[in-house]
There are 2 protein chains.
Amino acid sequence: MSHYQTLLTRAREIATLKSVSALTQWDHETYMPPAGADNRAEQEAILASLVHERATSKQMGDLIAACEADRSLLSDPIVAPNMREFRRDYDLATKLPTDLVEEWARTSALATETWKKARVASDFKAFEPALTKMIALARRKAECYGWPSGGEPYDALLNEYEPGATAKQIDAIFTPLRARLSTLIQTIAAKGKPPSDAPLNASVPEDRQHKLGTRVLKALCFDLDAGRLDVTTHPFCSGIAPGDTRLTTRYRGERFTDALYGTMHECGHGLYEQGLPKLARASVGKGVSHPARFGEPAADAVSLGIHESQSRMWENFVGRSPEFWHWLKPMADEEFGGALSKFSADDLYRAANTARPSFIRVEADEATYNLHIMLRFSIERALLSGDLEARDVPAAWNAAFKDMLGLTPPDHRRGCLQDIHWSAGLIGYFPTYCLGNLYAAQLWETINTAGKAPGAADDVPAGIPDLKAQIARGEFGPLREWLRAAIHQHGRRYLAADLCQRITGKPLSADPLLRHLESRLKPVYGL
Amino acid sequence: MSHYQTLLTRAREIATLKSVSALTQWDHETYMPPAGADNRAEQEAILASLVHERATSKQMGDLIAACEADRSLLSDPIVAPNMREFRRDYDLATKLPTDLVEEWARTSALATETWKKARVASDFKAFEPALTKMIALARRKAECYGWPSGGEPYDALLNEYEPGATAKQIDAIFTPLRARLSTLIQTIAAKGKPPSDAPLNASVPEDRQHKLGTRVLKALCFDLDAGRLDVTTHPFCSGIAPGDTRLTTRYRGERFTDALYGTMHECGHGLYEQGLPKLARASVGKGVSHPARFGEPAADAVSLGIHESQSRMWENFVGRSPEFWHWLKPMADEEFGGALSKFSADDLYRAANTARPSFIRVEADEATYNLHIMLRFSIERALLSGDLEARDVPAAWNAAFKDMLGLTPPDHRRGCLQDIHWSAGLIGYFPTYCLGNLYAAQLWETINTAGKAPGAADDVPAGIPDLKAQIARGEFGPLREWLRAAIHQHGRRYLAADLCQRITGKPLSADPLLRHLESRLKPVYGL
């Protein structure tokens with residue numbers, strides 16, 4: 001067997017073990033009986049250690065080095081990006097010393113428990129020592145990873161979630177977005193007439209919501225022979241394995257759009273997972289082939305930002321459009337009995353599009369949500385650079401919140417203590433939520449235009465100029481196919497920023513998202 | 001760490017990996033989307049190889065040998081039986097050469113596919129070559145394992161499922177059982193008046209059956225915080241891990257007792273799993289302790305026969321009693337609406353107790369079922385000894401069937417091709433089904449008697465003389481506690497035959513099962 005073939009076999013074993021781990025985590029959040037939690041922690045620990053052992057083994061490093069030394073391999077258009085990503089994964093996995101990995105795991109587990117209590121009590125002082133420790137570890141982690149010249153410590157952590165992105169690039173997009181978005185939201189608040197919230201408050205039993213959600217999934221071309229929809233507390237999508245992508249949702253009897261949009265959001269993630277070339281037969285130069293590509297970087301998702309662009313596109317760009325409600329309303333009436341009968345499709349569309357500053361990120365609307373993210377990004381970046389210390393977070397948070405959203409959090413529970421991420425060690429993760437909205441908007445403009453964007457790559461499919469009419473007819477297949485062809489099928493072949501450039505012909509910018517939000521919100525608010 | 005402590009740690013890692021494997025298998029049979037099957041096979045293969053690697057490692061063998069050499073350890077009443085079973089497991093796992101293990105896996109996978117087609121076509125000739133191969137492999141496997149002096153090849157295979165049992169011992173119980181059971185069944189057929197089948201044919205929707213089944217599980221003290229009930233095609237119970245025991249069932253709208261008794265059967269297995277001391281803190285001599293006993297043989301089930309005795313006891317001895325129906329009927333009326341309103345509890349009890357020879361084992365009643373098992377045992381034993389060859393199975397089967405059940409199978413689908421076991425390599429497994437009934441009956445007589453059986457061990461709890469009255473009141477806790485104290489808590493500490501002797505004061509015999517069946521069936525048939 002060639003070195004590359006061996007490398008693929010090892011990578012596939014690692015991917016298979018990770019898929020087992022994903023299944024145990026999915027079960028943990030869906031069907032596991034409560035008393036099974038202790039054993040489940042042991043299962044997950046042993047699987048994580050098996051994966052880590054293999055992913056950081058000397059054999060893996062030697063195989064990667066041997067393949068890198070083979071110039072003919074590196075000229076192959078599939079192998080070259082695979083090798084780039086194999087190297088990246090190996091370096092990320094091996095750059096951290098064992099003591100840091102262990103301390104990170106221990107400290108974040110303890111910090112999460114501390115955070116849970118501190119949040120309930122709205123007591124930042126109780127959380128501060130844990131946050132101080134996590135930030136110190138995050139700074140050390142950044143030092144171990146290193147960052148590109150001209151960059152900063154934050155880049156090192158961001159790279160775990162959004163390969164190739166830098167804080168400076170993101171800041172260059174976030175800064176104009178922040179200013180213009182604040183203006184838009186203030187204008188709406190000052191001069192707009194808010195739509196009625198009443199249609200969202202219709203009471204709909206869970207089983208009826210589930211039936212409608214399942215019909216929507218089928219219409220959106222989510223393959224239920226290769227996936228599922230289940231119920232959990234904090235909804236997620238898990239692309240467990242080839243042919244096995246699992247969505248979760250959460251039903252609230254008194255606000256059916258929570259589950260509807262939650263399901264569409266996870267469906268967007270799920271369509272990406274189902275569109276990755278995990279099952280495609282690989283056949284590359286020098287007689288190298290593999291029964292399926294699962295385990296290759298080229299069969300994996302490119303970044304959290306691009307993943308989120310898929311979920312946001314289906315949730316917001318499709319799901320909050322007037323055309324979508326035009327299609328959905330008769331179906332919702334069928335499934336929900338008379339619950340929505342006194343509202344029109346237009347009432348529902350309007351109710352689903354608001355911009356109203358509020359304290360909690362996960363409850364924020366499509367527009368103000370981005371401000372929540374930018375706030376966290378600026379605080380995280382300052383924490384990493386040393387410009388800010390943990391003890392100063394509440395003051396910095398409240399000042400920025402007032403500045404960006406015009407409100408002062410009444411307590412830390414609704415302020416800087418609301419999210420799990422910092423205690424859980426997910427530092428550098430937040431910006432990808434907003435990047436998702438930005439990528440979605442820029443892709444959406446391209447898709448909705450006839451032909452191809454100027455400067456787009458040859459293999460990018462032409463746009464779908466009548467997409468809105470298709471949505472009004474419930475035809476979602478062409479959009480799914482477009483996303484597959486332009487994005488999903490490439491896996492990690494192109495970095496996120498390059499993918500954006502080759503599809504839209506331009507680097508990522510704030511303009512499309514601002515245009516989208518303005519065109520959605522102004523008419524709804526009568527402006 | 002002492003050798004014994006290290007051995008427990010290694011054993012626990014193996015048990016944890018097995019628990020992951022059990023979860024993937026449970027998911028395979030319940031929620032996995034169809035397209036996930038290929039990856040699931042890879043997951044299961046990699047987990048099986050990780051378990052096998054560890055269970056057969058030189059380190060494991062060395063640790064066992066080191067502990068065996070430590071006489072002070074072996075005088076400990078918990079450690080000694082653990083060591084006996086560690087040795088047994090290690091020898092079983094290491095006695096087979098790798099080429100045999102691999103050929104076994106390959107041949108049985110192919111044979112199962114061949115069997116599936118041959119069964120549908122009722123074509124024994126199509127299956128014969130596969131069966132010939134499996135029997136040849138089974139003979140070779142028996143040679144590798146070896147058997148006790150005075151024994152026979154069959155003992156070697158039986159030992160995988162029913163440790164310590166021999167074909168000769170089983171034959172000594174089966175022979176009188178067979179003769180007297182045949183007589184009973186013939187008498188009933190000739191002179192008895194069969195009860196009406198009508199109550200069982202009531203049509204009950206699945207969700208109502210599920211509600212009743214869940215209420216029954218709770219009454220039987222199955223802990224639903226440490227377990228679940230789900231739906232599958234071929235019901236089973238999986239004691240996945242400490243705190244995580246999962247039951248499955250299958251609903252048929254037109255015969256609600258299938259699911260009811262199926263659920264009670266699996267519940268019996270589940271109560272055993274929940275009663276094993278997996279979570280108990282172990283504290284043994286020389287300062288050895290362990291946070292939980294999961295992974296120790298003493299925390300594992302002793303044999304398939306004893307496991308089956310638990311399922312059969314709850315299904316048949318409890319579930320088909322008049323007292324049970326007296327308790328259940330009002331609850332069934334509540335859950336089933338009017339479906340059973342025209343029948344009395346007595347009608348239902350009588351309908352649930354029949355003896356009518358039929359062709360298919362899995363559809364057989366409580367009495368004739370045992371004859372199906374004895375037939376397979378005699379054929380398997382002859383195949384192993386070389387007295388019978390694969391090609392002669394159909395003739396031997398049909399002759400024995402006519403002799404034991406008075407019927408001639410109309411085709412091989414309803415004859416020797418009906419079960420998956422031989423193709424799947426489960427040779428030596430069948431007798432444990434009948435052993436389960438025999439153990440259940442002998443235990444049942446002891447439980448229903450005041451005080452303790454003469455000759456029983458000191459720590460065996462006294463019987464529950466008013467058990468029937470308790471059942472009529474829906475009080476199942478004392479029976480569950482009795483089974484925990486007498487059986488479950490010991491895990492593999494005593495071999496099955498020794499467990500029977502120390503609880504009932506006697507070796508296993510056919511008499512209690514015959515007494516039970518006679519006392520059930522004769523009144524129902526008016527004899």
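In the predicted model, Ser423(A) touches Ser108(A), Ala111(A), Thr112(A), Trp115(A), Phe127(A) and Met134(A), when residues up to four places away in sequence are not counted. Ser423(A) belongs to helix 17 of chain A, which spans residues 421-424. With a relative accessible area of 1%, Ser423(A) is buried, because that value falls under the 20% limit for burial. A polar atom of the Ser423(A) side chain lies 2.8 Å from the backbone oxygen of Ile420(A).

The fold of chain A as a whole was then considered. Chain A contains 22 helices and five strands. Its radius of gyration is 23 Å, close to the 24 Å that the globule rule gives for 527 residues, so chain A is as compact as a globular protein of that length. Along the principal axes, the C-alpha atoms of chain A fill a box of roughly 65 × 55 × 50 Å. Buried residues account for 57% of the 527 residues of chain A. When contacts in chain A between residues at least 6 apart in sequence are examined, 72% are found to join residues at least 24 apart.

Two loop residues of chain A were examined for their backbone angles. Most residues other than glycine have a negative phi. For Ser122(A), by contrast, phi is positive, near 55 degrees. Ser122(A) is placed in the loop between helix 6 (98-121) and helix 7 (124-145) of chain A. The relative accessible area of Ser122(A) is 21%, and the residue is partly exposed; the value is not under the 20% limit, so Ser122(A) does not count as buried. A positive phi, near 75 degrees, is also found for Cys221(A), a residue other than glycine. Cys221(A) is located in the loop between helix 10 (206-219) and strand 1 of chain A. Its relative accessibility is 22%, and Cys221(A) likewise counts as partly exposed.

Six salt bridges are found across the interface of chain A and chain B. The side chains of Asp27(B) and Arg246(A) meet in a salt bridge, with an N to O distance of 2.7 Å. Between chain A and chain B, 12 residue pairs are in polar contact, both residues of each pair being at pLDDT 80 or more.

Within chain B, helix 8 (residues 153-161) is mostly covered, with seven of its nine residues buried. These buried residues are Pro153(B), Tyr154(B), Asp155(B), Ala156(B), Leu157(B), Leu158(B) and Tyr161(B). The buried residues of helix 8 pack against several other helices of chain B, namely helix 7 (124-145), helix 9 (167-191), helix 12 (304-318), helix 15 (368-385) and helix 18 (431-447).

Helix 15 of chain B also holds His372(B). This residue counts as buried, at 0% relative accessibility. Apart from neighbours within four places in sequence, His372(B) is in contact with Ser358(B), Phe359(B), Ile360(B), Arg361(B), Ala364(B), Phe401(B) and Leu405(B). His372(B) and Thr248(B) are 124 residues apart along the chain, and their C-alpha atoms are separated by 24 Å.

Key
Residues numbered from 1 in each chain as written. Chains lettered and ligands numbered in written order. Predicted model: local features only at pLDDT ≥ 70, side-chain atom pairs only at ≥ 80, totals over all residues. Heavy atoms only, no water. Buried < 20%, exposed > 50% of the residue type's maximum accessible area, 1.4 Å probe, protein only. Helix = DSSP H or I, 4+ residues; strand = E, 2+ residues; numbered from the N terminus. Contact = heavy atoms within 4.5 Å. Salt bridge = Lys/Arg side-chain N within 4 Å of Asp/Glu carboxyl O. Polar contact = N/O pair within 3.5 Å; in protein donor to acceptor, adjacent residues only side chain to side chain. Rg over C-alpha atoms; globule rule 2.2 N^0.38 Å.
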